[in-house]
Amino acid sequence: MSLDLDTSTDGVLTADTHLVQSFADLDLLKQDGARTVIVGAEGAYVTDSEGNKLIDGIGGLWCVNAGHRRREIIDAITEQLETLDFYSTFYNFTHPAAAALATKLAELAPGPLNKVHFANSGSVANDSAIRILHHYYNRLGQPKKKQILSRHGAYHGSTHLAIAMTTSAYSEGWDKVQGLVHHLRCPHHWREGGEMTEAEFLVALLEDARARIEEVGAENIACFIAEPIMGAGGIVMPPAGYHAAMGAICGDYEIKYISDEVVTAFGRLGHFFASKDVFDVQPDIITTAKGLTSGYQPLPATILSDEIHEVISDRGGVFLHGMTYSGHPAAAAAGLANIALMERDRIPQNVRTTGKRFEGNLRALADMEMVGEVRGSHFMMGIEFVRDKADKTPFAPEDMIGLKVARAAQKRGLIARPLGNILILSPTLVMDGAMIDRTAAILRESIAEVHAAL
Ligand code: PMP
């Protein structure tokens, strides 16, 4: 059946009045109507309804790692739907695609992370991790061990529980689960480190973590949850050694370490998973999503250690957790094809070169007057703009500086994501050298234009 969609700008914008956008100023959208209608995509580019071809500098939403419209992934999804459109993984049912993908993830995930639960969004993968751990401690006869350590600046999703683990900037005016989450210091040296060296700042962060654990009581704390590099909180790379040291502290206090690799996995930092390979920490649980299917189908995973799985599976009783679409056949097929493609084309290995070039080109923008800090790693980068570079004075929110630079960049053929005074870049992982250089050139011109107009 052909859907025969109206793809004209006017047609879509009329229909769009019924769509509630996510993470948008809905009032501003009504007033200035500045929406971009994306109608097509290919490789590292998308096309808008006005016929503009734009570099997809945010990879859909940090997720189209393998690039857009890859035949291999589309064919695998189609073939799966033609064979088995849907069946669940509830009760005693399973199917070939979900089983094969769980096996593949067990092979790729570090150490004893060999058991995989699928859900339907990254937020729910994190909720699942918490629910499963709470259940785990109930079964161990430690029902008080439920509290969660997170960090200021974190982003773990937008369900009632995930938003409670997220930085408060994302829940102003909204409710969230109360009394369960304790936020440790944000590990951002440039903004939070004062006069300290990075090494001194690391010591301070670890002292803060130990003090909070003593205050709450390790017997009451289930887990520590952390993104390897904070993403939607503004791209924060912790001081060297931070995750390994936090892993050791969690080990000392018998607190489970959850690594939220919703963004950092599947090649974005040059490896299938970043926790062990980049940050030298062995988590007890990894949650992931996005790049797992390169966004072609919604599919997150909560990957558990053998030890956690043993406790939740060895003593009888029903595992009362799951979503209808957990391990959806088409999504699992997308994941399998995406990983096969990444292995065949050596995408994570290539990112170690191309991603470094991207990072280097963006870091070079730090010589501009309005640029306070360029941070991140490989294809996960942020640029923070400041009014005064010497004392890091931020722009006021009403300056809408990130938005202005993003709009100037889009005019020149690049989509980037504004976040207050920060511009975020998380493109597809298939940009060639010329596109990488062009991205940096567009950013330089756009920042200069906005600076000149101040
Ligand atoms: N964790 C991290 C680190 C994320 O960046 C996101 C989404 N950007 C989520 C969790 C939530 O994923 P989802 O939007 O699929 O629920």
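**Shell, core and sheet in a predicted model**

Tutor: In this predicted model, helix 6 (residues 122-139) gives the largest share of the shell around the ligand, 3 residues.

Student: Which residues around the ligand are the closest, and how many surround it?

Tutor: The ligand is surrounded by 14 residues, and S121, G122, S123, G157 and V262 are the closest.

Student: What makes up the shell by class?

Tutor: There are 7 polar, 5 nonpolar and 2 charged residues in the shell around the ligand. Gly counts as polar.

Student: Which residues have the most contacts inside the largest nonpolar core?

Tutor: They are C223, F224, I303, A333, A334 and A416, in a core of 126 residues. Helix 13 (residues 329-344) supplies its largest share, 9 residues.

Student: Why is this core said to lie between domain 1 and domain 2?

Tutor: Because domain 1 (9-69 + 348-452) and domain 2 (72-344) both give residues to the core, it lies between them.

Student: What does C223 touch, leaving out residues up to four places away in sequence?

Tutor: C223 touches L133, I148, L149, I255, K256 and I258. Contact here requires C-beta atoms within 7 Å.

Student: How do you know that strand 1 and strand 2 pair?

Tutor: Pairing needs at least two bridges. Strand 1 and strand 2 (residues 45-48) have 4 bridges, in the antiparallel sense, so they meet the definition. T47 in strand 2 is the bridge partner of G40.

Student: Why is one side of strand 1 left without a neighbour in the sheet?

Tutor: The open sheet has 4 strands in the order 1-2-3-14, with mixed pairing. Strand 1 (38-42) and strand 14 (414-415) each have a single partner strand, so one side of each has no neighbour in the sheet.

Technical notes
Residues numbered from 1 in each chain as written. Predicted model: local features only at pLDDT ≥ 70, side-chain atom pairs only at ≥ 80, totals over all residues. Core = buried A, V, L, I, M, F, W, Y, C linked by C-beta atoms within 7 Å. Buried ≥ 20, exposed ≤ 12 C-beta atoms within 10 Å, placed from the backbone. Helix = DSSP H or I, 4+ residues; strand = E, 2+ residues; numbered from the N terminus. Domains from an automatic or database assignment. Contact = placed C-beta atoms within 7 Å. Near = placed C-beta within 6 Å.
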